[in-house]
Amino acid sequence: MYAIKTEGLTKYYGKTRGIEKVSLQVEQGDFFGFIGPNGAGKSTLIRTLLGLISKTSGQAEILSMDVSKQREEILSRIGYLPSETALYSGMKVKDALALSARLRKADCHSEAEALCKRLELDPERQIDRLSLGNRKKVGIVCALQHKPDLYILDEPTSGLDPLMQKEFYAILKERNEQGATVFLSSHVLSEIGRYCKNAAIIRNGQILACDSVERLGHTGVKKVQLRGARETPTLEGIKDVKRENDTLSFLYSGQIGALLEALLDLAPADVSLTDPELDEVFLHYYAKEEM
């Protein structure tokens, strides 16, 4: 059973592309990453799934319910955190949390209290006096306090300090282990690599790749570092060349034998071949799309 399923989902704003022919499947119980830079279509997909904007064409289901026909029931089972948290002024934190609970017709007092304690959020503080990070914490508690079946989180850690980010992901991991599905939209690739089981990469409103995080990282590309090399090898398949002091580094997607033969002529003092980091893999997928 899928927590999220789309087929050919498309959204245009007039003549401007939002997302185009997005087909995506996220299984229940997954911790799923949705990767892409700003403007790639991440937020458009999320808002379409939530019924905040209407689709142009295609199909979408959440928890086996049609997003166009069963919106209220879907929203009752989702915890949504937008990239920017908007809160009513003139309230205390506890009032905002209580309002969110009442809208869901749920008693969330004890859970809200526990989450506030873990995130070091004072429920007696005035909303108007909160920092960006504390406003984000209020949004997090609103999204988590009713213990939904599916969490849809759009850039959730922006504004949080590293310690709070760690605690936030500890909470998500606990919820995921209890059976909830987490759909995490982010351009912070280290977060995706550290916490997600599967992920999709989006660019220009279209899905470039969708697989386990482990397999997405095994592209056949190697990160090569050469210390003391005079110049870059003249080979196809070399991208993202960088030089720092006496060390030359680049990504290489060609035959290893050809690389080793070229290195004999360059005679570097030291050679290192490793798997690239997730952010470098991400650039590989984007570079491949441009070819």
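How many nonpolar, polar and charged residues does the lining of the largest pocket have, by class? A few notes on that and its surroundings.

1. Ground rules. This is a predicted model, where local features need pLDDT of at least 70, side-chain atom pairs count only at pLDDT 80 or more, and totals for chains, interfaces and linings use all residues. Residues are numbered from 1 along each chain as its sequence is written, and side-chain values use heavy atoms, with hydrogens and water left out.

2. The largest pocket. Its volume is about 690 Å³. A pocket here is an open set of points on a 1 Å grid over the protein atoms alone, where a 1.4 Å probe fits, with protein on both sides within 12 Å along at least five of seven lines; lining residues have an atom within 4 Å of a point. Of the 23 lining residues, Tyr-80, Ser-100, Leu-103, Arg-104 and Cys-142 sit closest to the centre. To settle the opening question: the lining has 16 nonpolar, four polar and three charged residues. (Asp, Glu, Lys and Arg count as charged; Ala, Val, Leu, Ile, Met, Phe, Trp, Tyr, Cys and Pro as nonpolar; the others, Gly among them, as polar.)

3. Who supplies that lining. Helix H2 (71–76), strand E6 (78–81), H3 and H5 each give at least two residues, and H3 gives the most, with four. Helices (at least four residues) and strands (at least two) are DSSP runs numbered from the N terminus.

4. H3 against H5. Helix H3 (residues 93–103) and helix H5 (residues 132–144) pack at about 30°, axes 9 Å apart; that makes H3 roughly parallel to H5, a label for angles under 35 degrees. Angles run from 0 to 180 degrees between N-to-C directions. Val-93, Ala-96, Leu-97 and Ser-100 of H3 touch Val-138, Val-141 and Cys-142 of H5, contact meaning heavy atoms within 4.5 Å. The tally is six nonpolar, one polar and no charged residues.

5. The second largest pocket. This one holds about 220 Å³ of space. It has 13 lining residues, with Lys-94, Leu-97, His-109, Ala-112 and Glu-113 closest to its centre. H3 and helix H4 (109–118) are the elements giving two or more residues. The lining splits into seven nonpolar, two polar and four charged.

6. H4 against H6. H4 and helix H6 (residues 162–177) pack at about 145°, with axes 10 Å apart. Glu-111, Leu-115 and Arg-118 of H4 meet Met-164, Glu-167, Ala-170, Ile-171, Glu-174 and Arg-175 of H6. By class, that contact has four nonpolar, no polar and five charged residues.

Notes: Parallel < 35°, antiparallel > 145°, perpendicular 65-115°, else oblique. Points joined across faces, edges and corners; volume = space filled by probe spheres on them.
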